[in-house]
Amino acid sequence: MLNDLQLNSILEDFDIAYWKINLFSKDIVWSNHFNILVGQPEIEEDRFEFFINHILHPDYRYDFRIHFEKLIKENEPFSFEIKLKLENGKYRWFECKNQKTRDTEFRETAVLLFVNIHQTKRDQYTIEENFFYYRETAEMTSTGGWYVDTVNKNIYWDDVSLKIVECPRDFQPAYKDRMKFYAKEHHNRMRNAFDKCENFGIPFKLELKMVSFQHREFWVRLTGKPVYNDEQEVVGIRGVLQNIDENKNNELNLQNSLDIIATQNSRLFNFAHIVSHHLRSHSSNLSLIVELLRESKTDRDKLDLLANVEDVSDNLDSAISRLNDIVSIQTSLKKEPVTIKFETALEVVLASISSLINRENAKIVAEFQDLKEIRYIPEYLESILLNLITNAIRYKQPGRKPVIFIQTYVENDKEYLEVSDNGMGIDLDEYGEKMFGMYKTFHPSNPEAKGIGLFITKNQVEALGGTISVSSTLNIGTTFKIKF
Amino acid sequence: MGQKVELACIIDDDKIYVNLVKKIIEIKKLSENLLIYKNGKEALDYFKDIMENVTDEDKLPDIIFLDLNMPVMDGWEFLNEFIKIKNSLNKKITLYVVSSSIDPRDLERAKSFNLVTDYLIKPIELKKFEKIFEKTAA
């Protein structure tokens, strides 16, 4: 058997200190190690009271006293985690427990052990703390963890993941159903990423749409990294799943607003450019005339030049009124759209150009059965019809009676208006790109062409979120198609 | 004034402007003859015609004033086409882009063409006109 000395040395090695308490005299003897731990104090008062007042952390004073009493009086087991102030003035964690005596009949001494558990306690705190931060972060950022066992074909989602996908807490996703949690349009991306990770160990980070347990679509950010076994084979994929629906939607909305602003800005820029260009061309003519007036010597020359001033003035006037047409596209946007019948809008337009129709003997056929009315700004619809109809009549095939066919219909939930004619047609290869540009005319022989109608029509259609397209065959006719 | 430009060419759809320039050239006697086209296509057709009859060298202008914004074929399209045939025209032709556009993008784009001598912003003063013609004639 070990003697006391050997025993002491072993206890010291394990950093275990102890008290020996004489149950009759209540005398307490500290082990050498205990004495060293607490800095070998010189004690004049009662040893127990000294311990309570100077070594034990104040939080434990009351409990320790009670337990100690019970241990001494009733031999009640004592096990207690406490903090002791050591010789360096710092508190450290100790587990304090009594040595169990086999002999319950007769007791003379009790032994109280002090085991240093500071490191364990600290680790435990760190783990608890980390776990707390992990939980909080996961909850706050709505980030869940997941693992796919690629060998046994199993899927594991943690609580947060289940919550994100709106599944019941006890839900166990089946491997074969895994794709149904992703939006169809992203199935390929998802499969590719998983295959690459499973076969080649390539990690992934994706933003895609998932479909929740409640069939709601939402955006997530999904990361995945390979898990290897000892043979360095991929046996699984694990990663995190973050709900970014709010962010993504904000991002998409923002992008959308940005696109609208960018288009409006470039339209404004073009407009400013057009204004400056078209007003400048007249003002520069005026200043040329003035200069020439100064140089001219005969009255006849001067009178000639004055005639030019009149022309400039007329041109300037019509340029300004055309620019005004464009400006009014933007201002009438503030008007609320109302439900209008195509029939009514067409009647208004036809009445306003009845003399042109009669003169050219044009025939206008309208079919509005499939789509009788639309929510739109009436002035726009009238202006669009007016431009397309007058265009069709203006560019009729010489010698052919102009026929204009107007039709509305619904296709894939979208509303359409088509205006077709049997006119001279447009060479789209040559003019297609410029067709809706400002001040472009395609039929140089036509003196009426001002080249602004289609520009305005396109602007009106687009201002309300629609598109306009054209198809045409030379000498056969042209069809304009508007998607509202 | 010493030498005179033989043949000048204006490509512009603004009738008033063209009339005024015509007057300036007459009054100041800047050029013997004048070609006027109201868009790029008309001018290009003329040049292509000459190409096919090599003997008509005299009919090529010494100087071209090209507008940018024109119907049918604008100044840019004309430049792109003119580059292709310029080398087969056996004459040194000075080309000025003349526009009322003060958009710096137009200016830069015009200067990116080697065959463009300068970009002139309308209105061009009489004195400037005279200088340009003198320089070309010399």
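Chain A of this predicted model holds an open sheet of 5 strands, ordered S7-S6-S10-S9-S8, with antiparallel pairing. Strands S7 (154-157) and S8 (204-211) of chain A form the edges; each has a single partner strand, so one side of each is left without a neighbour in the sheet. From one strand to the next, the twist averages 25 degrees. Chain B contacts chain A and carries an annotated aspartate, B:Asp67.

**Sheet and helix in chain A**

- Strand S9 (residues 217-228) of chain A pairs with strand S10 (residues 234-243) of chain A. The sense is antiparallel, over 7 bridges.
- A:Leu222 has A:Leu241, in S10(A), as its bridge partner.
- Helix H7 (residues 187-200) of chain A lies across S8, S9 and S10 of chain A. Helix H7 of chain A runs at about 140 degrees to S8(A).

**Contacts between the chains**

- On chain B, 20 residues are in contact with 21 residues of chain A.
- Helix H1 (residues 15-28) of chain B gives the largest share of the chain B side, with 7 residues.
- By class, that side of chain B has 10 nonpolar, 5 polar and 5 charged residues.

**The site at B:Asp67**

- An unreviewed UniProt entry annotates B:Asp67 as "modified residue: 4-aspartylphosphate".
- B:Asp67 sits in the loop between strand S3 (63-66) and helix H3 (75-86) of chain B.
- B:Asp67 is buried, because 26 other C-beta atoms lie within 10 Å.
- Beyond its neighbours within four places in sequence, B:Asp67 is in contact with B:Ile11, B:Asp12, B:Asp13, B:Gly75, B:Val98 and B:Ser99.

How values were computed:
Residues numbered from 1 in each chain as written. Chains lettered and ligands numbered in written order. Predicted model: local features only at pLDDT ≥ 70, side-chain atom pairs only at ≥ 80, totals over all residues. Contact = placed C-beta atoms within 7 Å. Helix = DSSP H or I, 4+ residues; strand = E, 2+ residues; numbered from the N terminus. Nonpolar A, V, L, I, M, F, W, Y, C, P; charged D, E, K, R; others polar. Pairing = 2+ DSSP bridges. Axes fitted to C-alpha atoms, helices over the stretch in contact; angles between N-to-C directions. UniProt positions renumbered as here; feature names shortened; annotations may be inferred. Buried ≥ 20, exposed ≤ 12 C-beta atoms within 10 Å, placed from the backbone.
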